[in-house]
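I opened my notebook to look at the aromatic rings here. I wanted to see how they pair up and where they sit.

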Amino acid sequence: PTYNEADNLPGISAAILERLPGATLLVVDDSSPDGTGEMADRMAAEEPRIRVHHRPGKQGLGKAYIDGFRVALEGGAGRVVQMDADWSHDPEYLPALLDGLLGGSLAPLPGGADLMIGSRYTRGGGVLDWGVGRKVISRGGSLFARTVLGLKPHDLTGGFKAWRRAALEAIDWERVHSGGYVFQIETTYLASRAGARVAETPIIFVDRRVGV
């Protein structure tokens, strides 16, 4: 999903496709006033691995993800990764996320997970450039959700995730109305309730490089 990411989109797109050369990159743009959507169209015209889905105005991150999932599944995707466009989610972690789904040599679950979470709060993960208040809210939100909902992942508020198709299809998206970090908690909860095997791989999260 993008909103005013014209300064980040070319670089992050190239980095994603370099690490996953067989992937399709879907940009879901909410009519960014800085021209991100038009830039994405120009990139897609030159690179067949890039596709663009335009939405009429800013409608929130949760709805953007849901629309993106729908477009990806309709296009035949067997695995879907969700991530930010501002470099907070570094493309270098993409192979580990997908390896966790496929049950590779470094996968945390034998046979692979149905949902892999890029985790700031598992061993080896972390956050850079955050103040104390933001850290408390993020980590506290995850701890609260783990306790109340009975979930095992340590990072429930992050948005760097890889899904198997079946795990996405098992969720009733009509009942998902939350946004922001609550959307991330809710989708992991619903996936777990539907029987998805959930695992984590460590990431280092950094604040955006440029843009707002």
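Predicted model: local features only at pLDDT ≥ 70, side-chain atom pairs only at ≥ 80, totals over all residues.

Entry one: the pairs. How many aromatic pairs does the structure hold? I found four. I started with Y65 and F69, whose ring centres are 6.1 Å apart, with 20° between the planes. Planes under 30 degrees apart count as stacked, so I wrote this pair down as stacked.

Entry two: where that pair sits. I looked up both residues and landed in helix α3, which covers residues 61-74. Y65 and F69 are four residues apart there, about one turn of the helix. Y65 has a relative accessible area of 4%, so I put it down as buried. F69 also comes out buried, with a relative accessible area of 4%.

Where does W173 lie? I traced W173 to the loop between α6 (165-169) and α7 (180-193), while F69 is in helix α3, so the pair ties together parts that are 104 residues apart in sequence. Like F69, W173 is buried.

I listed Y65, F69, W163, W173 and F183 as one aromatic cluster.

Entry five: a charge over a ring. Which residue lies over the face of F205? I found R120 there, at 5.5 Å from the ring centre.

Methods:
Residues numbered from 1 in each chain as written. Heavy atoms only, no water. Phe/Tyr/Trp six-rings, centres within 6.5 Å; stacked < 30°, edge-to-face > 60°. Helix = DSSP H or I, 4+ residues; strand = E, 2+ residues; numbered from the N terminus. Buried < 20%, exposed > 50% of the residue type's maximum accessible area, 1.4 Å probe, protein only. Lys NZ or Arg CZ within 6 Å of the ring centre and 35° of its normal.
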